[in-house]
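Morning, everyone. Please bring up the chain on your screens, and I'll walk you through the fold and the core.

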Amino acid sequence: MQAITYDVTRDEWDPNDNTPSATRTSEDIRGFELHHTGGTGPRSLTFQDKADWLLGIERYHELSKKWSDIFYNLFVFGDGEIWEGRRSDRSSQSSVAQYLTVHVTQTGPQQSAPAIPDGPHSPVSRKKSDP
């Protein structure tokens, strides 16, 4: 698996992160899980608005859900920037622990979510063994 190139790393938007040590290797990753924001994303595409939005998600996941870290490994914003979330060498304790979790977000007021095809060639939850 190739290394992911981020436009913004976790250290840049969350300099106070105390993420625990690695829990998996790249060989453990079997595919990815794709999520899309059903509600409002950050107010704008400024660095600060995106960072504040991610910190809000992180607080919700850690404080309300009692998870050890933000759930998503990476975030793709409306301007195409890719931001690092939970480090890729940190698995979650969910049923998708062997997947990279990708969160695609919109900016501003809620819009209809784009249609995501279903079936064997869907980009959702693709596995390494899929064509």
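Two helices and four strands make up the protein chain. Helices are DSSP runs of H or I with at least four residues, strands are E runs of at least two, and both are numbered from the N terminus. The order from the N terminus is α-β-α-β-β-β.

A word on provenance. This is a predicted model: local features need pLDDT of at least 70, side-chain atom pairs count only at pLDDT 80 or more, and totals for chains, interfaces and linings use all residues. Residues are numbered from 1 along each chain as its sequence is written, and side-chain values use heavy atoms, with hydrogens and water left out.

Now the strands. S1 (residues 31–36) runs parallel to S4, joined by six bridges. Pairing requires at least two DSSP bridges between two strands. Leu-34 sits opposite Val-102 of S4. S2 (residues 74–76) also pairs with S4, in the parallel sense, over three bridges. There, Phe-75 has His-103 as its bridge partner.

How much of S4 is buried? Five of the six residues in S4 (residues 99–104) are. Buried means under 20% relative accessible area, with a 1.4 Å probe and protein chains only. Across the 131 residues of the chain, the buried share is 36%.

On to the largest nonpolar core, which has 14 residues. Such a core is a set of buried Ala, Val, Leu, Ile, Met, Phe, Trp, Tyr and Cys residues joined through side-chain atoms within 4.5 Å. Helix H2 (residues 47–64) contributes the most to this core, four residues. Beyond its neighbours within four places in sequence, Ile-57 contacts Ile-70 and Phe-75, a contact being heavy atoms within 4.5 Å.

Note on methods. Buried means under 20% relative accessible area, exposed over 50%, partly exposed in between (1.4 Å probe, protein chains only).
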